[in-house]
Amino acid sequence: MKLDFSLRPASLLSTLGFAALLSSLAQFAQAELDSTTAAKLEEALAADNRPVADKDRDRNRRPLDTLDFFGFSDDMKVLELVPGGGWYTRLLMPTLADEGKLYLAIGTGRAEKLTDVPGFSEAEFLDAGGFGERQPSGRFDIAPFSLSVDDLDLAVTFRNMHNFTKSGRDNMNKAVFDALKSGGHYGVVDHTRRHMQSDSRENRRRMDPVLIIKEVEAAGFEFVDYSDLHYRLDDELRYEVGRATVRGNTDRFTLLFKKP
């Protein structure tokens with residue numbers, strides 16, 4: 001579904017309301033996590049060797065609901081982009097180990113050390129050429145790359161779009177599009193910025209959700225839906241996400257796209 005962005009909502013709430021109105025036209029029936037997948041995720045969440053700091057974020061990040069929204073199941077071929085410290089990787093690895101497959105790409109250094117996590121030996125680390133050069137803005141200008149796969153069911157990235165320049169995001173979106181099979185989904189979560197707000201020190205790690213929708217659509221994807229799972233009314237969208245008064249309680253947009 002192609003969106004018309006000629007309207008310019010004055011606030012995040014109206015922006016998301018506009019997106020909700022349009023997304024209601026999409027013919028998309030969201031299936032709930034099947035019992036086997038849910039049980040595997042619950043087991044991974046409760047794992048004894050899972051860091052306490054990770055568990056403390058479960059309530060805020062709502063992984064079961066988020067993965068449910070993305071249409072995740074344990075028999076899929078799934079790509080996680082920029083896994084960072086491996087918060088989601090620790091859940092995806094064991095869940096996909098028996099019936100599915102987990103691929104990881106870009107910034108996988110810390111995830112490559114998760115040897116104690118069940119399913120680690122079955123996960124595949126893809127060479128995507130790294131982050132590229134850091135720009136004066138603090139973002140990375142990742143060059144065009146290929147993930148060397150073309151049959152993935154789902155690709156996900158959590159709070160990472162803000163790490164890349166416009167061209168870097170475009171190159172990543174194109175690589176994901178090429179890596180997914182027809183009908184495959186692309187799930188994106190990031191910290192919310194006010195619509196059309198220019199860069200500042202306070203919002204550098206926030207992204208305009210309307211901008212992200214436009215960019216991902218430009219790579220060939222169809223916008224399917226958005227979720228308010230991580231909507232936070234008390235985040236004023238004014239402060240850097242790492243500030244003590246904001247950290248862990250940022251408003252985040254949660255978007256789902258499909259490869260036609």
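What we're looking at is a predicted model, where local features need pLDDT of at least 70, side-chain atom pairs count only at pLDDT 80 or more, and totals for chains, interfaces and linings use all residues. Numbering runs from 1 along each chain as its sequence is written, and side-chain values use heavy atoms, with hydrogens and water left out.

**The overall picture**

- The protein comes to 8 helices and 9 strands, with helices (H or I, at least four residues) and strands (E, at least two) being DSSP runs numbered from the N terminus.
- Of the 260 residues, 54% are buried, meaning under 20% relative accessible area with a 1.4 Å probe, protein chains only.
- Take contacts (heavy atoms within 4.5 Å) between residues at least 6 apart in sequence, and 73% of them join residues at least 24 apart.

**Helix H8**

- H8 (residues 209–218) is largely enclosed by the rest of the structure, because 7 of its 10 residues are buried.
- Those buried residues are Pro209, Val210, Ile212, Ile213, Glu215, Val216 and Glu217.
- Asp208 caps the N-terminal end, with a side-chain oxygen 2.9 Å from the backbone nitrogen of Val210.
- Just after the helix comes Gly220, which has a positive phi of about 115 degrees.

**Pockets**

- A pocket here is an open set of points on a 1 Å grid over the protein atoms alone, where a 1.4 Å probe fits, with protein on both sides within 12 Å along at least five of seven lines; lining residues have an atom within 4 Å of a point.
- The largest pocket holds about 780 Å³ of space, a volume being the space filled by probe spheres set on the grid points, which are joined across faces, edges and corners.
- Its lining takes in 30 residues, with Arg57, Arg61, Phe158, Arg159 and His191 nearest the centre.
- That lining splits into 7 nonpolar, 13 polar and 10 charged residues.
- For the second largest pocket, the volume is about 220 Å³, and residues lining it include Lys40, Glu43, Arg50, Arg90 and Asp98.
- Helix H2 (35–45) and helix H6 (89–96) are the elements that give two or more residues to this second lining, and H2 has the largest share, 3 residues.

Methods: Buried < 20%, exposed > 50% of the residue type's maximum accessible area, 1.4 Å probe, protein only. Polar contact = N/O pair within 3.5 Å; in protein donor to acceptor, adjacent residues only side chain to side chain. Nonpolar A, V, L, I, M, F, W, Y, C, P; charged D, E, K, R; others polar.
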